[in-house]
Amino acid sequence: MGTRFKGFYRLSPEERLDNVAEHSGLSGEEKAIIRGEKGFSVQTADQMVENVIGYMPIPLGVAANFKVDGRDIFVPMATEEPSVIAAASNAARLAYDTGGFTTSFSGPIMIGQVHVTQLSHPYAAMAKIYENKEAILNKCNQQDPTLISLGGGALDLEVRVVKTLSEKVLVIHLFVDTRDAMGANAVNTMNEAVAPLIEKITGGKVVLRILSNLADKRIARARAVFESPFGNDKEMLHRFISAYELAAADPYRAATHNKGIMNGVSAVVLATGNDTRAVEAGAHAYAARFGRYTTLTHYELGENRTIIGTIELPLAVGLVGGATKSHPVARTAIKMLGVKTSRELAGIIAAVGLAQNFAALRALASEGIQKGHMKLHAKNMAIQAGAKGHEIGRVVEWVVKEGRFRFDDIKRYLEKIREE
Ligand code: HMG
């Protein structure tokens with residue numbers, strides 16, 4: 001069964017889950033976990049973080065229509081924002097018949113930083129680090145035999161002299177292949193273990209020993225050919241490209257453009273129990289890597305009224321460690337995706353980021369964002385205004401039909417139907 005599913009959103013939540021379960025081979029128990037009936041409790045939460053008093057549910061949806069590297073997948077997305085999942089499904093639909101998304105990955109390499117201060121001869125200290133590279137890497141690799149047995153570990157290092165406000169310090173970058181883990185713990189353990197050796201070699205004092213979230217050795221890329229949502233309309237195609245070009249040129253627009261990308265990226269990162277803050281920090285830092293903040297996506301006009309979209313961003317996500325294994329919904333979401341490696345997961349997330357951005361640009365270049373977004377946000381607004389049961393549908397219908405998205409208007413309409 002494929003995931004190009006016209007009108008998937010018109011099904012009930014139960015029917016949607018049945019389809020997803022059939023596609024991904026989810027058991028009855030896993031369906032109950034996804035519905036929130038089983039698996040997660042205050043006790044589970046208490047094992048995950050501190051001072052627990054409860055937990056906060058976030059809606060979990062699936063984006064339909066995704067084909068990534070030739071495989072049809074329903075993509076689990078955890079988000080509180082209306083229209084995000086609809087938009088991702090909408091854009092994935094336009095790339096489905098042209099082959100879907102193709103991805104690549106630079107490898108699961110994380111960077112650990114060791115920061116050395118109080119050096120009388122920083123450049124000589126840098127040279128000494130390179131002279132002792134093997135001993136340093138060996139020390140790192142003694143820390144995690146499991147990672148080594150899986151083919152990972154510290155592979156190489158690089159040293160920079162950085163001029164801070166008060167002195168020239170050394171920053172040593174340890175390049176660690178963390179395989180299918182996000183790898184923060186493995187890298188930080190290595191950083192801390194190797195610090196005394198680095199002090200001995202350089203004669204300086206180590207201060208920071210922590211990974212960098214600018215994971216630019218862990219880059220995921222995705223590419224798709226989208227059918228023109230505007231048919232043959234050259235003016236609309238021009239407006240779409242112009243919207244992208246402004247983001248590429250102007251950091252104020254790029255921040256919003258990339259926020260739209262992260263709507264999709266963070267939703268999958270969260271659904272799979274990965275660290276949203278790490279991924280967000282990495283993405284935005286990468287967007288500014290040339291000294292000016294710019295876009296993570298690019299668009300070119302293709303043959304036969306198509307638009308070729310590409311995305312490139314660091315994606316430090318894993319399948320082992322952290323909440324990916326301890327959170328039952330995250331475990332089930334990973335099963336839903338059918339991924340066996342962090343590389344595959346990163347590729348799918350990049351594809352969702354690209355789809356998300358394409359959908360937003362399509363709307364922005366044509367009717368504007370409010371029509372589609374507010375149509376889906378109308379239900380939230382109706383509930384906030386106090387609508388209950390059958391009132392919700394009536395209010396939404398009126399809001400969309402009349403284009404009245406103001407809260408005071410909605411309240412007045414609700415009062416009116418109650419008086420009737
Ligand atoms: P529409 O034209 O009303 O949709 O779009 P349609 O009825 O023609 O349906 C097209 C497809 O959209 C459907 O295909 C579904 O896949 C999907 P089909 O199943 O018919 O083959 N779809 C839905 N999926 C789930 N639930 C629904 C639903 N409706 C359609 N209810 C849509 C409506 C919202 C999809 C469209 O207007 C859209 O893509 N808008 C973009 C919305 C968006 O980007 N939202 C993100 C939040 S706004 C933001 O924070 C980011 C931003 O600032 C970023 C930036 O500035 O770059 C915008």
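**Exercise 1. Which residues of strand β3 form its covered face, and which its uncovered one?**

Solution. Start with the ground rules. This is a predicted model, in which local features need pLDDT of at least 70, side-chain atom pairs count only at pLDDT 80 or more, and totals for chains, interfaces and linings use all residues. Residues are numbered from 1 along each chain as its sequence is written, and side-chain values use heavy atoms, with hydrogens and water left out.

Step 1. Find the strand. β3 covers residues 101-105. Strands (E, at least two residues) and helices (H or I, at least four) are DSSP runs, numbered from the N terminus.

Step 2. Sort the residues. Phe101, Thr103 and Phe105 make up the covered face. Thr102 and Ser104 make up the uncovered one.

Step 3. Look for a partner. β3 pairs with strand β8 (residues 219-227) in the antiparallel sense, over 5 bridges. Two strands pair if DSSP finds at least two bridges between them. Opposite Thr103 stands Ala222 of β8.

**Exercise 2. Describe the hairpin of β1 and β2.**

Solution. 

Step 1. Take the pairing. β1 (residues 60-68) and β2 (residues 71-78) are antiparallel and share 7 bridges. Lys67 has Asp72 in β2 as its bridge partner.

Step 2. Inspect the turn. There are 2 residues between the strands. Asp69, in this turn, has a positive phi of about 50 degrees.

Step 3. Check burial. Buried means under 20% relative accessible area, exposed over 50%, and partly exposed in between (1.4 Å probe, protein chains only). In β1, 8 of the 9 residues are buried, so the strand is largely enclosed by the rest of the structure.

**Exercise 3. Which residues of helix α13 are buried, and what follows the helix?**

Solution. 

Step 1. Name them. They are Pro328, Val329, Ala330, Thr332, Ala333, Ile334, Met336 and Leu337.

Step 2. Gly338 follows α13, and its phi is positive, near 65 degrees.

**Exercise 4. Is Glu30 buried or exposed?**

Solution. 

Step 1. Glu30 sits in helix α2 (residues 28-34).

Step 2. Apply the cut-off. Glu30 counts as buried because its relative accessibility is 17%.

Step 3. Find its contact. A polar side-chain atom of Glu30 lies 2.8 Å from the backbone nitrogen of Ser27.

**Exercise 5. Describe the surroundings of the ligand.**

Solution. 

Step 1. Count the shell. It holds 30 residues, and the closest are Arg4, Gly7, Ser83, Arg253 and Lys259. A residue is near a molecule if one of its heavy atoms lies within 4 Å of it.

Step 2. Read the distances. An N or O atom in the Ser83 side chain is 2.7 Å from a nitrogen atom of the ligand. For the Arg253 side chain, an N or O atom is 2.7 Å from a ligand oxygen atom. A polar side-chain atom of Arg362 is 3.5 Å from an oxygen atom of the ligand.

Step 3. Trace the sources. The largest share of the shell, 6 residues, comes from α10.

Technical notes. Polar contact = N/O pair within 3.5 Å; in protein donor to acceptor, adjacent residues only side chain to side chain.
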